[in-house]
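Here are a few exercises to work through with the model open beside you. Try each one by eye before you read its solution.

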Amino acid sequence: MLLLSLWGMFLSAFIAATLFPAQSELVLAGLLAAGDVPPVWLIGVATCGNVLGSVVNWGLGRACHRFSGRRWFPVRPDALERASNWYRRYGRWSLLLSWAPVIGDPLTLAAGLLKEPLTSFLLLVTVAKLGRYLAVAGVTLPFVG
């Protein structure tokens with residue numbers, strides 16, 4: 001059961017960080033409420049999965065020039081342009097908003113498109129994603145503990 005819970009958390013967080021619509025916060029809250037897995041493990045696995053999903057977006061951003069005009073490409077040109085403008089204006093620090101709904105995933109794509117180095121990308125995105133999961137745990141645990 002432990003391994004299944006951790007894999008479920010990882011996959012949920014990974015998919016939620018890509019351009020596919022998904023929620024990992026509810027999965028984390030549910031698993032925290034179940035109490036079968038230590039919270040630090042769940043938060044760590046969720047953070048790793050979410051950061052790796054963002055790295056996929058970053059990689060797509062690096063290749064975006066070749067694919068952005070295609071009908072199957074998952075980001076609308078206006079959303080990509082908005083995220084790129086935001087990223088150009090605020091720079092790498094905008095990656096601290098990579099946890100946010102709607103703008104977070106396009107920001108990570110824009111970071112790749114605008115050639116943000118992977119090292120700084122990983123550092124900022126990890127801080128943002130970890131912060132979000134700590135907040136979810138902070139809200140959830142007092143109600144179940």
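**Exercise 1.** Find which residues Leu28 touches, leaving out those up to four places away in sequence. Then place Leu28 in its core.

*Solution.* Keep in mind that this is a predicted model.
- Step 1: with the sequence neighbours up to four places away left out, Leu28 touches Met9, Leu42, Ile43, Tyr133 and Val136.
- Step 2: the largest nonpolar core has 14 residues, and those touching the most other members are Met9, Ala13, Leu28, Leu32, Leu42, Ala46 and Tyr133.
- Step 3: helices H1 (2–17), H2 (25–34), H3 (39–67) and H6 (118–144) are the elements that each give two or more residues to this core. H2 supplies the largest share, four residues.
- Step 4: there's also a second, separate core, made of 11 residues, with Leu95, Phe121, Leu124 and Val125 among them.

For background, nonpolar side chains tend to be buried together in soluble globular proteins.

**Exercise 2.** Work out how H1 and H2 are oriented to each other, and list the residues that make their contact.

*Solution.*
- Step 1: the two axes, H1 and H2, cross at roughly 160° and come within 9 Å.
- Step 2: angles over 145 degrees count as roughly antiparallel, so H1 and H2 are roughly antiparallel to each other.
- Step 3: the crossing of H1 past H2 is left-handed.
- Step 4: H1 brings Ser5, Met9 and Ser12 to the contact, while H2 brings Val27, Leu28 and Leu31. Sorted by class, that's four nonpolar residues, two polar and no charged.

**Exercise 3.** Is Ser5 buried or exposed?

*Solution.*
- Step 1: Ser5 sits in helix H1.
- Step 2: the cut-off for buried is under 20% relative accessible area. Ser5 has 8% relative accessibility, so Ser5 counts as buried.
- Step 3: set aside the neighbours within four places in sequence, and Ser5 is in contact with Leu31 and Val37.

**Exercise 4.** Describe how H4 packs on H5, and sort the residues of their contact by class.

*Solution.*
- Step 1: H4 (residues 77–90) and H5 (residues 104–113) pack at about 70°, and their axes are 8 Å apart.
- Step 2: that angle makes H4 roughly perpendicular to H5, and H4 passes H5 in a right-handed crossing.
- Step 3: on the H4 side the contact is made by Ala79, Leu80, Ala83, Ser84, Trp86 and Tyr87. On the H5 side you'll find Pro106, Leu107, Leu109, Ala110, Ala111 and Leu113.
- Step 4: the class tally for the contact of H4 with H5 is 11 nonpolar, one polar and no charged.

How values were computed. Residues numbered from 1 in each chain as written. Predicted model: local features only at pLDDT ≥ 70, side-chain atom pairs only at ≥ 80, totals over all residues. Heavy atoms only, no water. Axes fitted to C-alpha atoms, helices over the stretch in contact; angles between N-to-C directions. Parallel < 35°, antiparallel > 145°, perpendicular 65-115°, else oblique. Left-handed = near helix turned anticlockwise from the far one by under 90°. Contact = heavy atoms within 4.5 Å. Nonpolar A, V, L, I, M, F, W, Y, C, P; charged D, E, K, R; others polar. Core = buried A, V, L, I, M, F, W, Y, C linked by side-chain atoms within 4.5 Å. Buried < 20%, exposed > 50% of the residue type's maximum accessible area, 1.4 Å probe, protein only.
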